[in-house]
Amino acid sequence: MSGKNDDIGAGEPGMSDKRRDNGGSGGPADGGKQRDASKRDDAATAGDTTRDDMVAPDEAAGNGPTAAGPSASGETPDPGDAGESAKPDDTDESAKPDDTDAPADATRPLIVSAETAAGKTGPETTADETTADETAEQDDSATAGDPATPDGEAGSKDAPKPHLMPPGESAADDPAATVADGGVPAVPAAKAAPDGKNNRPNRGGRYARRAAYVLGVLVLLPIIGFVIVYLMTPIPNSTQPAAKAQQSVFYYSDNKTVIARSGSFDRRPVQLKEVPGQVRDAVISAENRSFYSDSGVSMRGSARAVWATLTGGSMQGGSTITQQMVRNYYSGLSQQRTAGRKLKEIMIALKVSREKDKSWILQQYLNTIYFGRDAYGIESAAQAYYNKDVGNLTAAEGAYLAAAIQVPSYAGDLSINGAQAYMQARWRYVVNGMVQMRTISPQQAATMKFPSPERQKHKSIFAGDKGYMVSQAKAELRRMGYTDNQINMGGLKVRTTFDKNLMDDAKQAVEGNIPAGTSTKVMTGLVSIDPSTGEINAFYGGKDYLDQAFNTAFDAKVQAGSGFKPYVLAAALDDGESLNTYVDGSSPQTFAGTEIQNDRDENFGEVNLVTATQDSINTAYINLGQKVGLDKVITTAEKAGIPAAQLEPHKDAATLPLGVADVSVEQQAAGYATFASEGVYHAPHVLKSVTDRDGKVQKPAETGKRAFSTTVARDATYAMQKVVDDGTGVNAGLPDRNAAGKTGTTSSGKQLWFNGFIPQMAASVGIFRSDNKPLTISGYSAYGGDLPAKIWRSYMVEADQDLPVKSFGSPSVYTGGSGRPTFGPVLPRPHPTSTLGRPIPRPIPPTHRPPPTPPTVPPPVPPQPVPPPTGAPVRNQSDGYPDMPG
């Protein structure tokens, strides 16, 4: 197994390349010789010492001559020429002793006199006669002190010298023979050493040998186990045919009616020779730069992936091209992320790497790997991204497809937030790798430009609104952890939250009210939500997914306008204010050095919070925001589902209450659903359940979080009922039940909104232009209370037919507009009867007197029934405001 194997072929952009291919160099510039050499290398067996990809020890350490790269001719150097320093004949003589032969008397028997054995010493002892103590020390040092000789033998190449026993001793008395048994050797000479010491044999050697035995067992057992598993794991004799892949089916909420079937994947196998060399090199650069020299397995990367699986950590990449091919090509290997599957994959990859040619492995890999855009295989990917055969791909295009393997979702749709920048960085990583591999020159890399793919050609099954539903469901599946392979080929049964009838109602409400001839740049989004669960039961994201994949209901984020004011109202009520709190609604007023006016500069004076909401008074709400604190307003909006990232840029803007923050139609529908559910926020979602091919069911969590109290929600709802019955939203009034809501109009009419709800359903409608210019729609004014309110009403009249009439909860106080108290619930307003279906313009001159001093307690009025609404609006209620930097 080559020691040059990399951890994983693919990596994040900017990662240092730790792999070496033939000593750190790549193949020749054209990549051809490298591939041909690899074929010869892989045909050889593991024990063949003539393989070109064998690496000498000095090369592996980076010390050999080949560490700097191959010769100028591009041929791979012979391992035998790696370096002469490894030959014994060239050993540095200075490191040898002057005489490597043993001393002349090295083999002479050691003769111990009887007096010495009895512990007696005398002057008769000669210099060349070795004492028993020295003999014991020599034995111990020969046994434990020489790391090169396990049995105390001499460290030379000669045969071991004979070991002679002193006279009178048996083999059992030899310390070297008894030390393994743990006994104390009975050597008389040792008991009566000349220096008078009781010298015992060295126990360190005994413990070292025991530790060596234990360590050997610990090392050998895994190796033996690995060999056994390797021998018992056969290469599967069948592949994974495309016919076995199961399509995933998307259903409406009834779990019976099919929306669409996914998995209409395209696979067109090609021969490796049809794939340009630089396209192959790009894939190797992206996924496994040591492909032609490794054993087919990245042990370090695989161990890291197995450990992450066992410990529950995040998934780590650890697969070479061979491992990926094995997993996607052979049957019997699932896509489950388990240690057992990974071990089986490793064993098969090792065998395949030994038995199959590298070219064959690469061909199967290129024909089976997923590239995004429903394309499986390099030929299908070339058609899906660049509408050309693989043989016509440029090196830059090949690098893009190689970069797509790790992130097919981003590669397939560069309109996803952050996808363009990520893919450019990933593409550059692949190109730089090709330079390091020397398959292209630095000059070629410098001239290569990022090859943006052509717009994806969607298939007819996504026509109309089906494409919007399926793409939204797929996005949520990915957030739940499903991969594109599982979504497209995993045989999933996906039950969405979409109600077919309500989807049809939403489409009719929008397209039935938008006048013919309206500019295609005018975009409308609608989202309907069940407040009790957060399920999105209907939406309108565009006319046809094939013409416009951009989803106006989920993807677009524009200024909220006065549709943001209910969050300010809830923050004030939650902070202790009441509907009878008075604020200054006079116009104009100056805030932070900027003059702010109400629509048409209308001067309202001191008004309570019901009037401020009903008439959408800009100056009153800015004053309310200042009184409560903008930080509390942001906190309340976050609790209602508006992301902090969208609010943060405007946290210090006095105009925050006027809706300068961008929001999506989906976010506004979920926010108003929080009021409908009496203060409980449910995260919006589009899936009810997912059932895999084994019958396992997974459901998204539907836990609600309280954003504010029930009392706060009911009081705010009461004020928003006044908007529909007597204020800016009269065109949204329903004929048979109470409704609450809020209009939204930005400066110059660039964005128009109506957001409303009944107890069982919330819906938002947003209209805007794709170029952010002021809206001009024939027959309608540029106010949220006009066309958006009419669309909302058209949808709700149809959507609530099967819902029982239900009243909102009672507020803490009944207070009429302009401070007038009321003594009963707000009655529903019938459908407006104006000819054009829009509010009547109010007079331009201000009609209100200067603001009076607010009374401490609203003046009492005699109890009287609330007169039934007339059905006709009295003036054009507006909430326009100038553009303010947030």
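Reader: Which residues of helix α24 are buried?
Author: In α24 (residues 630-639), Leu-630, Val-633, Ile-634, Thr-636 and Ala-637 are buried. Buried means under 20% relative accessible area, with exposed over 50% and partly exposed in between (1.4 Å probe, protein chains only). Helices (H or I, at least four residues) and strands (E, at least two) are DSSP runs, numbered from the N terminus.
Reader: Where do the buried residues of α24 fall, seen down its axis?
Author: They fall within an arc of 165°, so they line one face of the helix. The arc is taken from the directions from the helix axis to the C-beta atoms.
Reader: What covers them?
Author: The cover includes α21 (565-574), α23 (618-628) and α25 (644-647).
Reader: And what comes just after α24?
Author: Gly-641, with a positive phi of about 105°.
Reader: Before we go on, what kind of model is this?
Author: This is a predicted model; local features need pLDDT of at least 70, side-chain atom pairs count only at pLDDT 80 or more, and totals for chains, interfaces and linings use all residues. Residues are numbered from 1 along each chain as its sequence is written, and side-chain values use heavy atoms, with hydrogens and water left out.
Reader: New topic. Is Thr-674 buried or exposed?
Author: Thr-674 is buried, at a relative accessible area of 0%. Its place is in helix α26 (residues 665-676).
Reader: What does the side chain of Thr-674 reach?
Author: The backbone oxygen of Ala-670, at 3.1 Å. That is a polar contact: a pair of N or O atoms within 3.5 Å; within protein, one must be able to donate a hydrogen and the other to accept it, and residues adjacent in sequence count only if both atoms are side-chain atoms.
Reader: What else is Thr-674 in contact with?
Author: Leaving aside neighbours within four places in sequence, its contacts include Ala-640, Tyr-681 and Phe-708. Contact means heavy atoms within 4.5 Å.
Reader: Now rings. How many aromatic pairs does the structure hold?
Author: It holds 20. Rings of Phe, Tyr and Trp (its six-membered ring) pair if their centres lie within 6.5 Å; planes under 30 degrees apart are stacked, over 60 edge-to-face, the rest tilted. In Phe-754 and Trp-792, the ring centres are 5.2 Å apart and the planes at 65°, so that pair is edge-to-face.
Reader: Where do Phe-754 and Trp-792 lie?
Author: Phe-754 is in strand β20 (residues 751-758) and Trp-792 in helix α28 (residues 787-799), so the pair ties together parts 38 residues apart in sequence.
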